[in-house]
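Subject: Structure for your review

Dear colleague,

Please find below the structure that I am handing over to you. My notes on it follow directly after.

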Amino acid sequence: MRVLVILAAALALSACSIGKDVPVAEAAVAHFHRQLDAGKFAESWQQGASELRGATAQDKWLKLLDVVHTKLGKFRSAKTVGWNDNFNNGAHFIVLNQEAQYEHGAAQEQFVYRIVAGKAQLAGYHVNSDALI
């Protein structure tokens with residue numbers, strides 16, 4: 001009986017494998033950058049998680065992304081330099097830290113995604129770059 005309990009616990013934990021949704025979040029970051037380059041700022045806000053829409057008014061979001069896009073230029077490439085897979089009060093979040101290269105300079109970006117049914121919804125975005133000054 002004890003072996004069955006241990007086996008059941010192991011199976012339950014493997015279903016919630018830490019980090020398995022990182023590629024889902026990375027694909028969502030690529031989509032974000034395509035939207036940014038295309039000037040589809042409103043779509044990124046509308047498709048975002050309730051955390052994003054509740055914390056940032058749409059007009060402020062549009063202004064932020066316009067500044068990012070204007071000052072940094074076209075997105076070139078990025079690499080993930082760290083991530084965190086977080087389950088909190090029944091919600092699942094992936095945080096990606098990336099080093100990005102844009103047309104006019106480098107940026108450090110942090111993306112927070114809420115994972116729902118295997119899909120990533122943007123819950124937070126933070127960017128830091130000397131090119132924004």
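A residue is called buried under 20% relative accessible area, exposed over 50% and partly exposed in between, using a 1.4 Å probe and protein chains only. The model is a predicted one, in which local features need pLDDT of at least 70 and side-chain atom pairs count only at pLDDT 80 or more, while totals for chains, interfaces and linings use all residues. Residues are numbered from 1 along each chain as its sequence is written, and side-chain values use heavy atoms, with hydrogens and water left out.

Overall composition

The chain holds five helices and four strands, in the order α-α-α-α-α-β-β-β-β from the N terminus. These elements are DSSP runs numbered from the N terminus: helices are H or I with at least four residues, and strands are E with at least two. Of the 133 residues, 32% are buried. Taking contacts (heavy atoms within 4.5 Å) between residues at least 6 apart in sequence, 49% join residues at least 24 apart.

Nonpolar cores

A nonpolar core here is a set of buried Ala, Val, Leu, Ile, Met, Phe, Trp, Tyr and Cys residues joined through side-chain atoms within 4.5 Å. The largest one has 23 residues, and Phe-32, Trp-61, Tyr-113 and Tyr-125 touch the most other members. At least two residues of this core come from each of helix H2 (22–38), helix H3 (41–46), helix H5 (58–72), strand E2 (91–102), strand E3 (105–116) and strand E4 (119–128). H2 contributes the most, with six residues. Another core, of six residues, lies apart from it and includes Ala-49, Ala-91, Phe-93 and Val-95. Leaving aside residues up to four places away in sequence, Tyr-113 touches, among others, Ala-28, Phe-32, Phe-93 and Leu-122.

Strand pairing

Two strands are taken to pair if DSSP finds at least two bridges between them. E2 and E3 are antiparallel and share ten bridges; Phe-93 has Arg-114 in E3 as its bridge partner. A hairpin with two residues connects E2 to E3. E3 and E4 are likewise antiparallel, over nine bridges, and Ile-115 stands opposite Ala-120 in E4.

Surface and loops

Which residues form a nonpolar patch on the surface? They are Ile-18, Trp-83 and Phe-87, with about 330 Å² of accessible area together. Ile-18 sits in the loop between helix H1 (2–15) and H2, and its relative accessible area of 55% makes it exposed.

Most residues other than glycine have a negative phi. Asn-89, which is not a glycine, has a positive phi of about 50°; Asn-89 lies in the loop between strand E1 (75–88) and E2 and is exposed at 80% relative accessibility. Ala-117 has a positive phi near 50°, is placed in the loop between E3 and E4, and is exposed with a relative accessible area of 78%.

With kind regards

How values were computed:
Patch = residues over 30% accessible without salt bridge, like charges linked within 9 Å, V, L, I, M, F, W, Y side chains within 5 Å. Areas by Shrake-Rupley, 256 points an atom, 1.4 Å probe, with all protein chains shown as cover. Salt bridge = Lys/Arg side-chain N within 4 Å of Asp/Glu carboxyl O.
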